[in-house]
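Me: I am new to this structure and would like to learn how to read it. Could you take me through it feature by feature?

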Amino acid sequence: MTDTPTDARYAETHEWARLDDDGNVVVGVSDYAQEQLGDVVYVELPEVDQQVDAGAEAGVVESVKAASDIYAPVSGTVVAINTSLEDAPELVNQDPYGDGWFFAIAPDSSDEMEDLMDAAEYSEFCEASEAGE
Amino acid sequence: MPIAEQCPVNDQALSHTPLFDIHIAAGAKMTGFAGWAMPIRYGSQIEEHHAVRASAGIFDVSHMTMVDFEGPGTTAFLRHVVANDVAKLKAAGEALYGVLLNEAGGIIDDVIVYRREGGYRVVSNAATRERVIAWYVARAGHFDTVWVERDDVAMIAVQGPDAVALFAQATGLARVAECRRFHALEVPHPESPAHPGGVRSMEPTHGWMIARTGYTGEDGVEVMLPDPDASGLWHALASAGVRPAGLGARDTLRLEAGLNLYGQDMDETTTPLESNLAWTVAFEPADREFIGRAALEAQRATGIGNKLTGIALQDRGVMRRGMKVVTNAGEGEVRSGIFSPTLGYSIGLARVPRAATGDIGILVRGRERRGRIVRPPFTKKKVKAAPAPGARKSGQTHD
């Protein structure tokens, strides 16, 4: 069973989004996603100050298996990126909700967080997609 | 992030090797491969890769196609269908790598031919099973040969600098250390001096064949053994500290070693001359009529249009199969591309114009990245122990 913390919300494309105390939304990929991807070998991040739109491509994660786009779960401005992934992409596998975070967004509005799934819904979503395969 | 489709583990259409239950119990991520349910990885694919380079790994390769031949016309038949010359195999226990060609010189499959007492064993790929068997049927014609497909024999590859020592330790078969590279040892099992007449190729397969061959660029053995023995050997090796490794690591290991994968780096539309495999074609003796010879001789006279070559990415990113390559002599295409765990950058095999050299561009996800043409193998084998007396120089054989 993969880990799905309740303090984050989740996109159908397997990104998690966590609202920080400073009002920024931190983004990464879920434990389920990193497990499916296999070893991550390369991460391409957006640039700080870049404007991103909810559901639009904001980065790339390359695993031993394939390259996958990372979509911004909410619209806003990128305020920070996790530069340690450049030399240590394995952090995505080792600590997907912590040191393996991708970038932080100053959201345009807080509404879009509500459009994402909560942990229970996301767990169900992952189970359903497993069963449906 | 879209998740690539996983193959269902319990798909009824997929064949199971005798080690299927062990893979499932180990939590392996399974995938459909050439009609077989196979482990792609058990945990971290990169750790499995490093384990093979540093010490030893075990692979279930029971999906490979194994055919035993015998009959007085077998040598003549194999000299006709294999572009390498099996007449080089002077005694039982010797092996060679070669390709089966169609009339146009296109590669039907790559094989290892083992000479045995009274016959031969030919191991070919899983994905080409039907094509290869049909080819034998179509081409056997007047040759006095018979064969049997060994569906009752499993195959376990033990690979890495410690593989031979750990295999000997786990099985008590110390003799394996004296078996030279590209040679095979046959032992009745359980090893018994009373075994009648030694191991014969067509008799029920209660014996083991232990071949000093592999597909990782490391020393090691490939063990062909009766299905019921497979799980015992697997557990014994795992207990001895050999790490189970999946098809994912097998692919990155073979590519670092510069070994072609059939269906990706070569197929029926490409000849061995175009696929870095000219060394596997025996043009001498000139009077040996092997299938594809005329086409290869013609191509040798006119020269090849493109070649298979190693490529390395200098920029960040990962090259994947199908990506466009831009060279000083025209465009080409990546046939196999991976992130090399040993080197820490992306490497691949590409089909490019023959004259291509030096710096190249690779179109990675819409952006041109810098790379260069390099000569495989990408990694060199570490020599752990002194070679056995009379061992061949490395580089002479396929792996």
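This is a predicted model: local features need pLDDT of at least 70, side-chain atom pairs count only at pLDDT 80 or more; totals for chains, interfaces and linings use all residues.

Me: In what order do the elements of chain A run from the N terminus on?

Reply: Helices (H or I, at least four residues) and strands (E, at least two) are DSSP runs, numbered from the N terminus. From that end, chain A reads β-β-β-α-β-β-β-β-β-α-β-α-α. That makes four helices and nine strands. Residues are numbered from 1 along each chain as its sequence is written, while chains are lettered from A and ligands numbered from 1 in the order in which they are written.

Me: What radius of gyration does chain A have?

Reply: The radius is taken over C-alpha atoms, and the globule rule is 2.2 Å times the number of residues to the power 0.38. For 133 residues, the rule puts a compact globule near 14 Å; chain A has 14 Å, so the two agree. Along the principal axes, the C-alpha atoms of chain A fill a box of roughly 35 × 35 × 25 Å.

Me: How much of chain A counts as buried?

Reply: Count C-beta atoms, placed from the backbone: a residue is buried if 20 or more others lie within 10 Å of its own, exposed if 12 or fewer, and partly exposed in between. In chain A, 47% of the 133 residues count as buried. Contacts tell another part of the story. Two residues are in contact if their C-beta atoms, placed from the backbone, lie within 7 Å. Among chain A contacts between residues at least 6 apart in sequence, 64% join residues at least 24 apart.

Me: Now chain B. Into which domains is it divided?

Reply: Domain bounds come from an automatic or database domain assignment. Here, domain 1 of chain B covers 7-304 and domain 2 covers 305-379. Their C-alpha centres lie 28 Å apart. The contact between them takes 18 residues from domain 1 of chain B and 19 residues from domain 2 of chain B. On the domain 1 side, α2 (45-54) and α7 (247-256) of chain B each supply at least two residues.

Me: Where does B:H49 lie, and is it buried or exposed?

Reply: B:H49 lies in helix α2 of chain B. It has 28 C-beta neighbours inside 10 Å, so B:H49 counts as buried. Leaving out residues up to four places away in sequence, B:H49 touches B:A249, B:T252, B:L253 and B:P341. B:H49 and B:A245 are 196 residues apart in sequence, yet 7.4 Å apart in space, C-alpha to C-alpha.

Me: How do I read a sheet?

Reply: Strands of a sheet pair through backbone hydrogen bonds, either parallel or antiparallel. Two strands count as paired if DSSP finds at least two bridges between them. In chain B, five strands form an open sheet in the order β5-β6-β7-β4-β8, with antiparallel pairing. β5 (95-101) and β8 (146-149) of chain B stand at the edges; each has a single partner strand, so one side of each lacks a neighbour in the sheet. From one strand to the next, the twist averages 30°.

Me: How many bridges join β5(B) and β6 of chain B?

Reply: Seven bridges, in the antiparallel sense, with β6 spanning residues 107-116 of chain B. One example: B:L96 has B:V113 in β6(B) as its bridge partner.

Me: Which helices pack on these strands?

Reply: For angles, axes are lines fitted to C-alpha atoms, for helices over the stretch in contact; angles run from 0 to 180 degrees between N-to-C directions. Helix α3 (residues 74-81) of chain B lies across β4 (65-70), β5, β6 and β7 (119-124) of chain B, at about 30° to β7(B). Helix α4 (residues 129-140) of chain B touches β4, β5, β6, β7 and β8 of chain B, and its direction makes about 70° with that of β6(B).
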